[in-house]
Amino acid sequence: MAASGSQPLLAVRDLVKVYPDGTVALNGVSLDFMAGEVHVLLGENGAGKTTLARIIYGEIRPTSGEVIYEGRRVLFRGPWEAIRAGIRMIYQHFSLVGGFTVADNIALYGSRLGLSRREALEAARRLAEEYGFRIPFDARVSDLPAGIQQRVEIVKALLVEPRVLILDEPTSLVSPLDVEALFRVIRGLREKGVAILYITHKLREVGVIGDRVTVMRRGRVVATLPAKKATVDQLARLMIGERRLPEEPRIAAAGAAGERGAALRVENLRVVREGFEAVRGVSLEVRPGEILGVTGVAGNGQDELVEAIVGVLPVAGGRITLLGRDVTREPTWVRYRLGLAYLPGSRKLSLVQEMNALENLALGLLGAGKLRGPFIDWGWVAKLLVKYVEELGVVMHSPYAPVKHLSGGNQQKLALARILAVEPRVLVAVDPTHGLDIATTRIVHSILAEMRSRGMAILLVSSDLDEVLQLSDRVAVMNSGRIVSIKKPHEYTLEELGRLMGGAA
Ligand SMILES: Nc1ncnc2c1ncn2[C@@H]1O[C@H](COP(=O)(O)OP(=O)(O)OP(=O)(O)O)[C@@H](O)[C@H]1O
Ligand SMILES: [Mg+2]
């Protein structure tokens, strides 16, 4: 739908944001947001998208420049001022109180908007009905899967109708059915004249949900175009500038892999966490040179399956065999020495943030038994580091700086470098490209494909369906602690996957 009227509902002018450590996140950004328009914001990791959103939302202050809302210059002193003025933001990481029920969360938020508990809950029920959301108002938020939590967030944000809605990567951890539901809501709000700022890394969403799209690069606006006409290639090129966009790897159909025995075998595995049976009899096999994808809506037992395989969570029943050896009761370090590597979903867990790149690499080598103390051959570690940093294109100023100073993409590449250096035989990778931009995502995909062709057995657990379908030789779908289907990627239709993953919407 075209913008109604020519005056923007919201605008930013010459925004500059320099963080205390000197990072220039925004370098003179001016943009208009029209009522009744979905304005998509794209850009590589670190381009400044979230910084822009947080300034509009009153969470942080610009170094200079202004925000103009309903024709007036505003400077919100905190999100609540923005919220009361009609601006709402939905984060990728939800801001619900986990220990509270859904109803309590909604009542709490409503009270800050001047609604009584009854009014807030009535409004929430009305919205849930309008959008066809089944929301368990009496359930504890921490017990709910991501997709349902997001619906609660949406309802919360809409309790009192907003004029501006900001969504920062709202689709990265939810199922296709949840994405459908979200898009229905967004279209409904657009009809009502709400201005929507939609931040994403998924280029395919641009044409589906967007009216206009703005591409940012390094704190500046590169271009704003009509969303329906922009092609994925064109947008990718605008995002990365002069650099070449890496190719997506092509995974040839599994060939010889089938003839060799399993590198990792899980039989009838049961895992209980906090009294709840999260994994209910899972069996699977990953062979050398094979990627087995496991997908599902977050919270259906994938985390517990992974943690049991790497030895972080105890097993309640069943068996785990690694390279022919029963490791069901073995501690984590024994599994690592045998040739297992783990790339956790949270980047913060994969590297020791306070340590530098060299120390992190040495730690990985020590863990796998490839390096012995107490006297570490730092020269050898440095040589390995240089080799992989070059191979993977990690950008870092110094091998001696703590890794927390690296961007998300570079941290992920370094984590993969550490795994390559260790030469494991089995890799368990969780959401390896979550939150990474398109160029870095493709590099990570190529690295995984390369590891596979070197004969590594890879268990790829990811909530990104495109990723799983593209990289895996076989795809398993998890729901309620069970594997409900294992097939080759092309044997699934998207509708079928959605059904298997989510159950009813
Ligand atoms: N609190 C902070 N202190 C210092 N630097 C920061 C802070 N927050 C963000 N930055 C830096 O500012 C730049 C822009 O970050 P921002 O989070 O806005 O990017 P983004 O486009 O949202 O990236 P992504 O796609 O990874 O979410 C980055 O270089 C980032 O490292
Ligand atoms: Mg961001």
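The questions and answers below walk through a predicted model of a protein with a ligand.

User: How many helices and strands are there in the protein, and what radius of gyration does the globule rule give for 505 residues?
Analyst: The protein holds 17 helices and 20 strands. Its C-alpha atoms fill a box of roughly 65 × 50 × 40 Å along the principal axes. The radius of gyration is 24 Å, which is close to the value of the globule rule, so the protein is as compact as a globular protein of that length; the rule itself gives 23 Å.

User: Which element gives the most to the shell around ligand 1?
Analyst: Fifteen residues stand around ligand 1, and Tyr19, Ala25, Asn45, Thr50 and Thr51 come nearest. By residue class, the shell divides into three nonpolar, 10 polar and two charged residues. The element that gives the most to this shell, with three residues, is helix 1 (residues 49-56).

User: Which strands stand at the edges of the open sheet of six strands?
Analyst: This sheet has the strand order 6-7-8-3-9-10, and its pairing is mixed. An edge strand has a single partner, so one side of it is left without a neighbour in the sheet; the two strands in this position are strand 6 (87-90) and strand 10 (220-226).

User: What is the average twist of this six-stranded sheet, from one strand to the next?
Analyst: The strands follow one another in the order 6-7-8-3-9-10. From one strand to the next, the twist averages 20°.

User: What angle does the direction of helix 8 make with that of strand 9?
Analyst: Helix 1 lies across strand 3 (37-43), strand 6, strand 7, strand 8 and strand 9 (212-217), and runs at about 150° to strand 7. Helix 8 (residues 232-240) also packs on the sheet, where it touches strand 3, strand 9 and strand 10; with the direction of strand 9, the direction of helix 8 makes an angle of about 30°.

User: Which strands are at the edges of the open sheet of four strands?
Analyst: The four strands are ordered 2-1-4-5, with antiparallel pairing. Two of them pair on one side only, and these are strand 2 (24-33) and strand 5 (72-74). Neighbouring strands of this sheet are turned against each other by 25° on average, direction ignored, and the edge strands asked for are strand 2 and strand 5.

User: At what angle to strand 1 does helix 1 run?
Analyst: Strand 1 (residues 10-18) is joined to strand 4 (residues 64-69) by five bridges in the antiparallel sense, and Ala11 stands opposite Ile68 in strand 4. Helix 1 lies across strand 1, strand 2 and strand 4, and its angle to strand 1 is about 120°.

User: Which residue takes a positive phi in the hairpin of strand 19 and strand 20?
Analyst: Strand 19 and strand 20 (residues 482-487) pair in the antiparallel sense over five bridges, with Met478 opposite Ile483. Two residues lie between the strands of this hairpin, and the residue with a positive phi near 50° is Ser480.

User: Which residue in strand 19 stands opposite Val294?
Analyst: Five of the six residues of strand 19 (residues 474-479) are buried, so this strand is largely enclosed by the rest of the structure. Strand 13 (residues 291-295) pairs with strand 19 in the parallel sense over four bridges. The residue of strand 19 that stands opposite Val294 is Ala476.

User: Does Val279 count as buried or exposed?
Analyst: Val279 lies in strand 12 (residues 276-286). Leaving aside neighbours within four places in sequence, its contacts include Leu269, Val271, Leu305 and Gly481. Because Val279 has 29 C-beta neighbours inside 10 Å, it counts as buried.

Terms used:
Residues numbered from 1 in each chain as written. Chains lettered and ligands numbered in written order. Predicted model: local features only at pLDDT ≥ 70, side-chain atom pairs only at ≥ 80, totals over all residues. Near = placed C-beta within 6 Å. Nonpolar A, V, L, I, M, F, W, Y, C, P; charged D, E, K, R; others polar. Rg over C-alpha atoms; globule rule 2.2 N^0.38 Å. Pairing = 2+ DSSP bridges. Axes fitted to C-alpha atoms, helices over the stretch in contact; angles between N-to-C directions. Contact = placed C-beta atoms within 7 Å. Buried ≥ 20, exposed ≤ 12 C-beta atoms within 10 Å, placed from the backbone.
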